[in-house]
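Please read the report below with the sequence and the three-dimensional structure side by side.

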Amino acid sequence: MGELEPKISTYLHNKGAKMGIPVSGTFELTRKCNFNCKMCYVHCTDTSKDRELSAEEWLNIAREAKKAGLLFLLLTGGEPLLRPDFELLYTELSKMGFMISINTNGSMITPRIFRLFEDYPPARVNISLYGGSEETYESLCESRNFKKVLENIKKLKEMKISVRLNCVFNRYNVADTQEIYRFAKENDLIIKPTSYMYPSLRAKGETGDNEARLSAVDAAKNTVLCRKLTFSEEQLRAKAKEMMSLYPPECDPDAEGEGMRCRAGKSSFWLTYDGRMMPCGMMTEPCVSLEDMSFSDAWQLIRQKTAEIRLPSECQQCSHKSVCNVCAAMCYTETGRFDGKPDYICDMVKAIADEFVKQFGEVGETDES
Amino acid sequence: MKVNFDFVHREIMGDHVLVPVGKTSTVFNGLFPLTDTAAFIWGLLPDAPDENYIVTKLLGEYEIDKETAERDVSAFITKLREFRIID
Ligand code: SF4
């Protein structure tokens, strides 16, 4: 159920990062949604005053982005299928020659949308699967659409459209983890799990917490459970071995933090529903409005500002650095600073390592062996 | 030479790829990378009555001998036929 990125995509992204070309990008078409998920990082209950970009504005941006090198385009929301002009927008974007993926909660794939996908099959549909029952959907999303979503996933599969399940585990749905994996296996679906949830800075304006998320230790336990449901015993034991031999890297104690580790702001951008460019949709800065400048100028500014970002200096000397996926958006949403040490992440990573060793460490094998 | 499928030819950072559009992506699921020469030939297809036409154009564009040009054109055209991209 794991996933391998096609080699050509990795190659183009690496080259893009070296040459400063935005090979991939996200168009956040709306932040409106027919669900009201407790943990959402972007959806607000009052979206009535939102000034969303029109279809024409998106298409103009897309033309500029195409000239700048955009190839892999992700359409997201909110719920992007809620836009009344989705059909027009999607058709025109498809004709331009992008590899388009769509993030959706899967509840609004109407017969019209199925027909649209028949004529213009997306490269992939990423369905956010929020639980394994109507009850979980009700409590987490305030919507009883579970069965509908499953039906739609099956229909997409029948149409031979590539589907990935994006699963964010939290207090409301953690008990459904095994059920979700069972469904994925039964239907031969790729699953992208995460038991970490960003604080909802964009939706609520606050750093440091997300009321729906698991404690760091429970998130760690569920991370290990997800790996257990995906990897072989041998792979898990190898990981445990790695976790047992973690030690702080040798480095200058005064060394400043390293730069961004991911593609954001190097070969990839995010555009909000109202036309602001950011390296990544989880953070609120750096941020440049396309009202004030062209796509290319905005991209150059975002690149520059991204290059200035530094992660916490503590991470440089941390024994768990090699197994920690800390990123700038985590630091920023947890602490309000890119170089702020995100304690929740530290606790989670250490608990993951402990849990691996406890469950899959060979008897008699210790740090010293 | 008529192209049977709908692709958009993209040049990104000096690399050439064909992006399948619409129903074409049910047959070709993913990007179709092209070498520089293949990309040049691809651009000629709609106007090309036969392979000789493409070979002549190729000789005008690249500093290669006729034999190499014929081999390159024939290899690419054969590949396109295999995939039924052209008849
Ligand atoms: S976030 Fe915490 S655990 Fe991760 S590398 Fe930094 S200090 Fe270490």
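Lys160(A) sits in the loop between helix H6 (146-158) and strand E5 of chain A, where helices (H or I, at least four residues) and strands (E, at least two) are DSSP runs numbered from the N terminus. Although Lys160(A) is not a glycine, its phi is positive, at about 65 degrees. Most residues other than glycine have a negative phi, and most peptide bonds are trans.

Two peptide bonds of chain A can be looked at with that background in mind. The bond from Gly77(A) to Gly78(A) is cis, with omega near 20 degrees, and Gly78(A) belongs to the loop between strand E2 (72-76) and H3 of chain A. The bond from Glu285(A) to Pro286(A) is also cis, with omega near -5 degrees, and Pro286(A) is placed in the loop between strand E8 (276-278) and E9 of chain A.

## How the model is read

This is a predicted model, in which local features need pLDDT of at least 70 and side-chain atom pairs count only at pLDDT 80 or more, while totals for chains, interfaces and linings use all residues. Residues are numbered from 1 along each chain as its sequence is written, chains are lettered from A and ligands numbered from 1 in the order in which they are written, and side-chain values use heavy atoms, with hydrogens and water left out.

## The sheet of chain A

Chain A holds an open sheet of nine strands in the order E6-E5-E4-E3-E2-E1-E7-E8-E9, with mixed pairing; two strands pair if DSSP finds at least two bridges between them. Strand E6 (190-194) and strand E9 (288-289) of chain A are the edge strands, each pairing on one side only.

Within this sheet, strand E4 (residues 124-128) and strand E5 (residues 163-168) of chain A are joined in the parallel sense by four bridges, and Asn126(A) stands opposite Arg164(A) in E5(A). Helix H7 (residues 177-186) of chain A packs on the sheet and touches E5 and E6 of chain A, and its direction makes about 160 degrees with that of E6(A). Here contact means heavy atoms within 4.5 Å, and such angles run from 0 to 180 degrees between the N-to-C directions of axes, which are lines fitted to C-alpha atoms, for helices over the stretch in contact.

## The sheet of chain B

Chain B has an open sheet of three strands in the order E1-E2-E3, with antiparallel pairing. Its edge strands are E1 (7-12) and E3 (32-34) of chain B, each of which pairs on one side only, and neighbouring strands of this sheet are turned by 30 degrees against each other on average, direction ignored.

Six bridges join E1(B) to strand E2 (residues 15-20) of chain B, and the two run antiparallel. Val8(B) has Val19(B) in E2(B) as its bridge partner.

## Where the chains meet

In the interface, 16 residues of chain B are in contact with 23 residues of chain A. The area buried between the chains is about 1,500 Å², of which carbon and sulfur atoms give 70%; buried area is the accessible area (1.4 Å probe) that two parts lose on being put together, summed over both. In chain B, Arg10(B), Met13(B) and Leu31(B) lose the most area to chain A, together 40% of what that side buries.

## Salt bridges

Two salt bridges cross the interface of chain B and chain A. Asp15(B) forms a salt bridge with Lys15(A), the closest N and O atoms being 2.9 Å apart.

Definitions and conventions
Salt bridge = Lys/Arg side-chain N within 4 Å of Asp/Glu carboxyl O.
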